[in-house]
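Try each task before reading its solution.

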Amino acid sequence: MKTSCLPWKMCQVIHLAAMASFACYLLLVQTSWAEPIVGITFELPPLDAEPEDDEGSPDDDRLYMEIVRQAVLLAARESFAAATRDEALRESLPDSTLSLLVASYYAHIDYELKDGDEVIASGSIPYSYHANRSGYEMAVQSAEEKSRIEFVEALKQTGLEPIVAKPQNNEPIDGEIEDLLTRMDAESQLAAIMRIHQAIREQGESPSQLTALARGYANLSQLTVFLHSPMRRVFGARALLYATRLIHLEPDSPEGLWARAYAFTMLGLSKASERDLNAAESLESELPEPPWVPIAKLSNFYDYDGLLEVAKAADEWQELGALLWYRSVEFTGSEALNLATGRRALSLAPRCIRVLHGMDHVAGVSYRHRTTSMSIPMYAESLSRSLPEFGELLPKEHHSGPASPDPKLVAALASRIVENSQDSPTEPSLEVLGRLIEETNFLHLQQRVTFMRDSLSVDTEDFLDEYLPVYVSHPMGPLLNACRLRARHNPAAYQELLGDLELDACDYLSTTHRLVRRVPPNTKLKNSTAKELKDRSWQLMSLEEIGRSYKLRRMSPEWQAKVGGWMAGFQPHAPQRFVALIKHKWEQFQHSVNDEFLERYGDHPAIALQLGKRYDAIGEWDKAEEFYRVAADAAPEWDSYYFLVLLYFKQDRQDEGIEVAEEFLNHEDYGLDHAKMNSYIAYTLMDQQKYDDALPWAERTASSYSGWGLECLAECYERMGRVQESAQLQQAIHDRYDQPEQYYRYAARTQNIDPQEAYEELLARLLEVHPEDHAEVREAAARHLGVLGDWAGASHAYEEMSDADADPYRCLMAGVLAGLAGDQQRRDELIRKAAEDLEPSEEGDYAKTPIQTAQAIVAIRESGTVDEQALANIADDVWHYAHPNVHFFVGGYLDSEERRSEAVEFYKRVATSPYRIKTTLLFATQRLRELDEDATDMHYRYNGFVAPAVAAIKELERRKQAEADEEQVEQQP
C-alpha cells in the first residue's frame, strides 16, 4: 500500500463502536500523571463511501481495526511509559489529539496516523485465512510488531521521549493477583490488571506478567460481552497483543502461545486457539502446562461433560469452569438447555453475573421475571465483595460498595469513582472501573424495562421516571427512555424522544436489538434514521462469538448452511455450527455423521436434538427417539420433549405421549414451556372433541396468564357451550394485552360480544396511527361491512382497493362478494379480471393463489363441476394457510349460483379452519348464519399434536411413494 494519504472515497468500512462520535479518542499522559502529552482520535470514512479502485472488498469486522488501535496504545504505554486513556472505555480525554483513520477490508487493514495535517505513519496490514494461520493471528502479529517499531517512531515525532526499558525479570506473578484472575467477575479482573501494569512499571516486564495481562484482558473481554459498550473488543484486542508481545520476547518458550491460545478461546476463536496450542506442544520446553490450558482445550471442543467436571471440582478453577461450561451451550438456540445449565453454573460461580446476562438474553417471560429481578441485587453483592480488592488503588470510602441493591445507589457509586479518578495513577484509569459499573447498571435497567414493556405489556413510565438520573447521561440513554412508548404509539412520540440521538453515539452490539426493535424505522435521529441504526446493529459485527452467533440464529436457512460450513475455519467444534449443518445441509453433511463424529459430539444435547429431528423427518423413528432422549436427559428441553411426544402420537402411541408430557411438566419451567405443552395436549383432545378431558389441560395453560394460554381456555369454554365464560376470558385478554384486532375477530366470529362496539374500538386505535385513507383502515372497514352482511358495500370497498393496487386477491374478493349481493354480472367481470387481466406480481405466491383460484371458478362456470383436486393443488402449491381463502371463494361463487348445499360445505371447511385470523373465516361464519346454519356448533381443527402428526405421516408417505415411483422409472428399459 502507498504511504500517502488514503483515498477518502473508500469501500464500506466498519465503525469502531465509538461511544460519542465517529472518532474514538485516546489520551497519553506523562509518567507524572499530571498533564496530557497527546491524544489520538480514530476517524472513519462513512459507511456508504465508494472505492476509488479495486483494492479489495469491504469487511464488517471491527476487531481487526481495534487491534491496530490498541497497538498504538501499546506503543505509548510500553515504549514511553505513558498512561493511556481510551474513549472506547469512556475515559476522560485531552483537547489535543492525533488522528488515526482505519478502514478494514477482507484482505487488509489500512491505517493513517496524523498529527494535525501531517501524516506520521500509514500503511496496510494484510491478513487472510488458510490452513495454518487465521486472519486475526496475522493481523495481531503485524500490529504488535508495529507497536515496537513503526508506531514508536511515529510517536517520537510528537515530542515523546522513549524510556530505557528495565531488564526483563523472571519473577512469578503475585499470589493475590493470581487469585483475582480466577474470579469470574469483571471488577476482580480489572483490579488484577491494574496491579500487573503497576508491577511492570516498577519492575519491568516478565513472562508471568505478560501472561497474566493477556489472561486478565481476555477474561474481561468475555465478562463484558453484553454491555452496551465496545469495552469487550478493547479488552480482547489488548489480550491478543500482550500475548503476541510475549511470543516475540520469548520465541522459544510456549508461554506466549499458551496465553494467546487462551485469549482466542475466550473470544470464541477456537481454531486459532488450537493452532497456538499445537505450536506450543511442538516446542521443546520443560515448562509445565498451566492448569488453565487444559480448560481452554475443553472449551475449544465445547466439551459439555468435561467442563462440568471442572466446574464441580470446587477448586480455584471452579468459576472459570462454570462459565465455560455454560458457554458450551449458550448459543445453541435452546432456551431450556441454556437456562438449566446457567442456573447450575450460577450455583457454582455465584459472582459470575455474566452467566445471568446470557440467560436473560434467551429467557422467555416466566424466567425473565427472575433474571431481571436477580441482576441488580446480585451485582450489588458482587461489588461489595470485589471493590476492596483494589486496595490502595481505590479510596477506602468506595470499598464498601452500594449501601443497598438500588440502581440509583449503584449509579451514585459509579459517579463518585469517575469524578475522583481524573488523576488516577493506574492503567487503565480508575475511571474505567466507574464506567464499568455504570455500563453494567445500565444493562440491568435495560433488561428490566424491556421485560416490562415487551413481556408483561405493562406501563414503564413510573419506572423510567424513577431511574431517569441513572441513565439520562448514558450515550444510549434516549433509546432506553423511548421504552416508555408502546409499539402502537404515534411515531411522532419516538421522534420527539430520539431526535437528538446521534447514531455514532451507539455501540452496535447484539444487545441493542431489544432497545431498537420497536422504534419505527423512519424515525429521524440527529444524523441518521432508526433504520440505519438497526441495519448497523446487524452489519457491524466481527467473528467474535456473541455477534456471529446472534447473526447465525437470524439468518435464512441458506445462509445458516453457508456460515455453518465457513465456521470450520475459525470455530470447527461449535455446536451451533453442527446444528446449522444438520438442519440445512443434511444431504451433504450426513456422510460426516459417523461413529467418530457421534463419539465426539453425539452426546452434546443441542446436536443430539437436531439429529433426532433429522431422523424423525425421514422416518427412522428408533434413532429419533434415542437422540431425543439424549437431549431430554441433559436438560428439560422443550423441543426434545415436544418432538418426542409428537413421535409417539405419529406412531399411535398417544398414552405414552401423554406420559412423556407429564414427565416434562415435572421438570422446572424455564419459560412458558409448561404452558405450551399443556396447550398442545388440550388442543389435541379438543381436536378429538374430548372437551371435558381437555379442560384441565386448558386451565393449566391459562394459569400462565399468557395471551395464548388464556385463549386456549376460552376456546375450550366455547366448545363446551360455556359462552359467557368464554366471552369474559376474551375480554380479559383484551384488557391485559391490549389486542383490539384479536378482540374484534372474536366478536365478529362468535357474536358473543357486540361486533359493532369492538369495531369502533379497533377503528379508533387504527386512526391513532394511520390516516383515514391508509390501507389498514380501509381493509378494516371493508371487512366489517362483510361481517355485518353488507355484501354489496364490502364488494365495492374491495374493488376500490384492488383498482388502487392492482391486487388480484382484493379483485377476486370483490367479485365473490358482488355475487353474494346478487350482482352476477359484476361478479363475473371481476372474477374474469382476476383470472386474466392481473399479472402475478414480484411477490409471486401471494398473487398466484387468487389468480389460480379465479381461473378455477371460471372452469366451474364452464364445466358445471367442482374439481376438488385442482383446488387442493392451488392451495398446496403455496402452503396450507391458503386453504380457507380458496374454499371461501369457491363457496361464495356456488352460493351466488344458488348451489347452496355445495356452498355450505365449502363455508364449513373455512369456518372450522384453525386459522382464526383469516378474514374469509369471518365472512364464511356470517354467511352460514344467514343460511340458518349453526356456525357456533362446528368442530374446529386445532393445532395440537394431532394435526402435525397427521401432516408428518402424509408427508412421509408422499416421499416414500415418490421414491418408489422414481425407482420404478429407473428400472424401466
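**Exercise 1.** Does Tyr-302 count as buried or exposed, and at what relative accessibility?

*Solution.* A word on the model first. This is a predicted model, in which local features need pLDDT of at least 70 and side-chain atom pairs count only at pLDDT 80 or more, while totals for chains, interfaces and linings use all residues. Residues are numbered from 1 along each chain as its sequence is written, and side-chain values use heavy atoms, with hydrogens and water left out.

Step 1: apply the cut-offs, where buried means under 20% relative accessible area, exposed over 50% and partly exposed in between (1.4 Å probe, protein chains only). Step 2: Tyr-302 has 5% relative accessibility, so it counts as buried. Step 4: check the backbone, where phi of Tyr-302 is near 50°, a positive value in a residue other than glycine. Most residues other than glycine have a negative phi, and most peptide bonds are trans.

**Exercise 2.** Which loop holds Asp-652, and does Asp-652 count as buried or exposed?

*Solution.* Step 1: Asp-652 sits in the loop between α31 (638–650) and α32 (654–665). Step 2: with 71% relative accessibility, Asp-652 counts as exposed. Step 3: Asp-652 is not a glycine, yet has a positive phi of about 60°.

**Exercise 3.** What is the omega of the cis peptide bond from Glu-427 to Pro-428, and where does Pro-428 lie?

*Solution.* Step 1: the omega of this cis bond is near -10°. Step 2: Pro-428 belongs to the loop between α16 (407–419) and α17 (430–455).

**Exercise 4.** At what angle do the axes of helix α9 (residues 270–282) and helix α10 (residues 292–300) cross?

*Solution.* Step 1: the two axes come within 10 Å and cross at roughly 140°. Axes are lines fitted to C-alpha atoms, for helices over the stretch in contact, and angles run from 0 to 180 degrees between N-to-C directions. Step 2: this angle makes α9 oblique to α10; under 35 degrees counts as roughly parallel, over 145 as roughly antiparallel, 65 to 115 as roughly perpendicular and the rest as oblique. Step 3: list the contact (heavy atoms within 4.5 Å). From α9 come Ser-270, Ser-273, Glu-274, Leu-277 and Glu-281, and from α10 Val-293, Lys-297 and Asn-300.

**Exercise 5.** How do helix α39 (residues 775–787) and helix α47 (residues 919–930) pack, and how many Å apart are their axes?

*Solution.* Step 1: the helices pack at an angle of about 20°, with axes 9 Å apart. Step 2: that makes α39 roughly parallel to α47. Step 3: α39 contributes Ala-782, Arg-783, Gly-786 and Val-787 to the contact, and α47 contributes Thr-919, Leu-922, Phe-923 and Gln-926.

**Exercise 6.** How many residues of strand β4 (residues 97–104) are buried?

*Solution.* Step 1: 7 of the 8 residues are buried, so β4 is largely enclosed by the rest of the structure. Step 2: β4 runs antiparallel to strand β5 (residues 108–115), joined to β5 by 6 bridges; strands pair if DSSP finds at least two bridges between them. Step 3: β4 and β5 form a hairpin with 3 residues between them.

Definitions and conventions
Helix = DSSP H or I, 4+ residues; strand = E, 2+ residues; numbered from the N terminus.
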